[in-house]
Amino acid sequence: MRVAIAEDSVLLRDGVARILGDAGFDVVAKCGTADELMLKVNSFPPDVVVVDIRLPPTHNDEGLRAALEIRQRHPSVGVLVLSQYVELGLALKLISDSADGVGYLLKDRITDTDDFIGAVRRVAEGGSALDPTVVSTLLARRRTDDPLAELTPREREVLELMATGSSNQGIATRLDVTERTVEAHIAAIFSKLGIEESADQHRRVLAVLTTLRA
């Protein structure tokens, strides 16, 4: 898989490139600015980009705006955004249309390189990778017509893990329960939310989460 990286910190940029290169990715671009990233992507789109949300010259939201532009111009390119903090408004902009091929991870919470590699690969393949803190923040938002109000605490926990991209087996391991128990929780979640279960149930969950932006 071909990956382009945009990060203004040389050490972090080279570190991410080395990790992904060792994992078998073809690192085709290492950029320090959003403009440089867009030039590379427009010239020869990679399978996925890993981009810091704040890039020169203002270190405001250049990376996020580049990510949104890539999503619009090159929908087949996966976009994984890295951020120092939970910036919920920016995260919602990124997933507002669809969570397919999108990731939003917090730098300081990436403690396992295998998990990071898996997230990049999942996004490149059209899946999603949201930091659990982002998902928890979304789930904590309240509305008068909150579609999640009927879920039990355990069902909300399962929903949160589903939204981060965890498999049923991964959820079972994390919660120390059987996979059949996880399946029962998922069935209850979809029943309460009025959503039909299907093979793309994780994406349907993300679609529910994005409705919480209202």
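These legends accompany close-up views of a predicted model.

**View 1. Gln84 in the loop between strand S4 and helix H4****.**
Let's start with a loop residue. Strand S4 covers residues 78–83 and helix H4 covers 88–95, with Gln84 in the loop between them. Is Gln84 buried, partly exposed or exposed? Gln84 counts as partly exposed because its relative accessibility is 36%.

**View 2. Gln84 with Lys107 and Asp108****.**
Leaving aside residues up to four places away in sequence, Gln84 touches Lys107 and Asp108. With Asp108, there is a side-chain to side-chain polar contact of 2.8 Å. Lys107 lies 23 residues from Gln84 along the chain, yet their C-alpha atoms are separated by 5.5 Å.

**View 3. The largest nonpolar core, with Leu37, Leu94 and Tyr104****.**
Helix H4 gives the most to it, with six residues. In soluble globular proteins, nonpolar side chains tend to be buried together.

**View 4. Leu37 and residues it touches****.**
Here is a closer look at one core member. Beyond residues up to four places away in sequence, Leu37 touches Ala4, Ala6 and Cys31, along with Val49, Val51, Ala66 and Ile70.

**View 5. Gln169 in helix H8****.**
We finish with another glutamine. Helix H8 spans residues 168–175 and holds Gln169. Gln169 has 42% relative accessibility, so it counts as partly exposed. Between Gln169 and Val182, the C-alpha to C-alpha distance is 8.2 Å, and the two are 13 residues apart in sequence.

Definitions and conventions: Residues numbered from 1 in each chain as written. Predicted model: local features only at pLDDT ≥ 70, side-chain atom pairs only at ≥ 80, totals over all residues. Heavy atoms only, no water. Helix = DSSP H or I, 4+ residues; strand = E, 2+ residues; numbered from the N terminus. Buried < 20%, exposed > 50% of the residue type's maximum accessible area, 1.4 Å probe, protein only. Contact = heavy atoms within 4.5 Å. Polar contact = N/O pair within 3.5 Å; in protein donor to acceptor, adjacent residues only side chain to side chain. Core = buried A, V, L, I, M, F, W, Y, C linked by side-chain atoms within 4.5 Å.
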